[in-house]
Structures are given as C-alpha cells and as structure tokens.
Amino acid sequence: MAYKILEECISCGACEPECPNTAISEGETIYIIDPSKCTECVGSYASSRCAEVCPVDACVPDPAHKETREILLARWGTLHPGETPKA
Ligand code: SF4
Ligand code: SF4
C-alpha cells in the first residue's frame with residue numbers, strides 16, 4: 001500500500017532524502033508522495049523510512065492504494081533495473 005502525507009506535515013524535509021525511490025517531493029503546502037513510485041519501502045528496507053523519520057507522524061499508509069507485496073516488488077524492480085531486492 002503506497003504511503004501518503006497528512007496535513008500535519010510541517011515541511012521539515014527529513015523524509016525526502018530517505019525515500020529509496022525518490023517518491024517524495026515538496027508540494028505547494030506540504031510534502032507529497034507519488035503513489036506510482038512508493039513501494040512502502042519493499043525492496044529496500046524492512047519498514048517505511050519516511051514514517052520512521054517524520055517528527056510529526058505525518059507519513060501513513062494510504063487505504064486508497066492497497067497493493068500486494070508482489071505488486072510493490074514489481075514496482076521496485078521497474079524503479080531499480082538490474083538490482084536485487086534487499087527487503
Ligand atoms: S514508504 Fe518508503 S518508498 Fe514509500 S514514500 Fe515512504 S520512504 Fe518512499
Ligand atoms: S518528515 Fe514529516 S513533517 Fe517532515 S516533510 Fe516529511 S512528512 Fe513533512
């Protein structure tokens with residue numbers, strides 16, 4: 001399930017460099033996650049990096065993007081061609 005960023009975001013920027021898929025960027029008012037690039041960190045880490053570093057717990061799973069691990073892994077593969085999944 002792709003993650004999303006809630007309105008509570010204080011635009012500290014801590015999450016952006018942590019994302020292994022460059023799915024996070026600065027939006028007009030808060031930071032945003034591109035669901036087409038978020039793998040819930042599947043393929044790179046055992047848990048979601050953005051959620052771990054966010055000081056206000058604004059990074060949460062998005063129920064609108066429920067996806068299986070297989071789908072997330074396939075997405076990771078297209079984002080990291082030639083690499084082997086680490087998680
Ligand atoms: S859950 Fe992982 S892949 Fe998704 S936006 Fe957060 S850091 Fe990036
Ligand atoms: S770490 Fe949290 S508060 Fe900081 S930019 Fe990312 S979502 Fe916003």
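The chain has 87 residues, for which a compact globule would have a radius of gyration near 12 Å; the value for the chain is 12 Å, in agreement. The model is predicted. Its C-alpha trace spans about 35 × 25 × 20 Å along the principal axes. The chain holds 2 helices and 4 strands. Along the sequence these elements follow the pattern β-β-β-α-β-α. Buried residues account for 28% of the 87 residues. Among contacts between residues at least 6 apart in sequence, 71% join residues at least 24 apart.

The largest nonpolar core contains 14 residues. Within this core, Y3, C15, I24, I33, C50 and C59 touch the most other members. Strand 1 (3-5) and strand 3 (31-33) are the elements that give two or more residues to the core. In soluble globular proteins, nonpolar side chains tend to be buried together. Residues up to four places away in sequence aside, I33 touches A2, Y3, K4, I5, A23, I24 and C38.

Two ligand shells were examined. Ligand 2 has 14 residues around it. The closest to ligand 2 are C9, C12, C15, Y31 and C54. The ligand 2 shell consists of 12 nonpolar and 2 polar residues, with no charged residues.

Helix 2 covers residues 69-79 and includes A74. W76 is also found in helix 2. W76 counts as buried because it has 22 C-beta neighbours inside 10 Å, the threshold being 20 or more. A74 has 15 other C-beta atoms within 10 Å and is therefore partly exposed. W76 touches T39, V42, G43 and P85, residues up to four places away in sequence not being counted. W76 and K37 lie 39 residues apart along the chain, yet their C-alpha atoms are separated by 7.9 Å. A74 and V56 are 18 residues apart in sequence, and their C-alpha atoms are 30 Å apart in space.

Terms used
Residues are numbered from 1 along each chain as its sequence is written. Chains are lettered from A and ligands numbered from 1 in the order in which they are written. This is a predicted model: local features need pLDDT of at least 70, side-chain atom pairs count only at pLDDT 80 or more; totals for chains, interfaces and linings use all residues. A nonpolar core is a set of buried Ala, Val, Leu, Ile, Met, Phe, Trp, Tyr and Cys residues joined through C-beta atoms within 7 Å. A residue is buried if 20 or more other C-beta atoms lie within 10 Å of its own, exposed if 12 or fewer, and partly exposed in between; C-beta atoms are placed from the backbone. Two residues are in contact if their C-beta atoms, placed from the backbone, lie within 7 Å. A residue is near a molecule or strand if its C-beta atom, placed from the backbone, lies within 6 Å of it. Ala, Val, Leu, Ile, Met, Phe, Trp, Tyr, Cys and Pro count as nonpolar, Asp, Glu, Lys and Arg as charged, and the others, Gly among them, as polar. The radius of gyration is taken over C-alpha atoms; the globule rule is 2.2 Å times the number of residues to the power 0.38.
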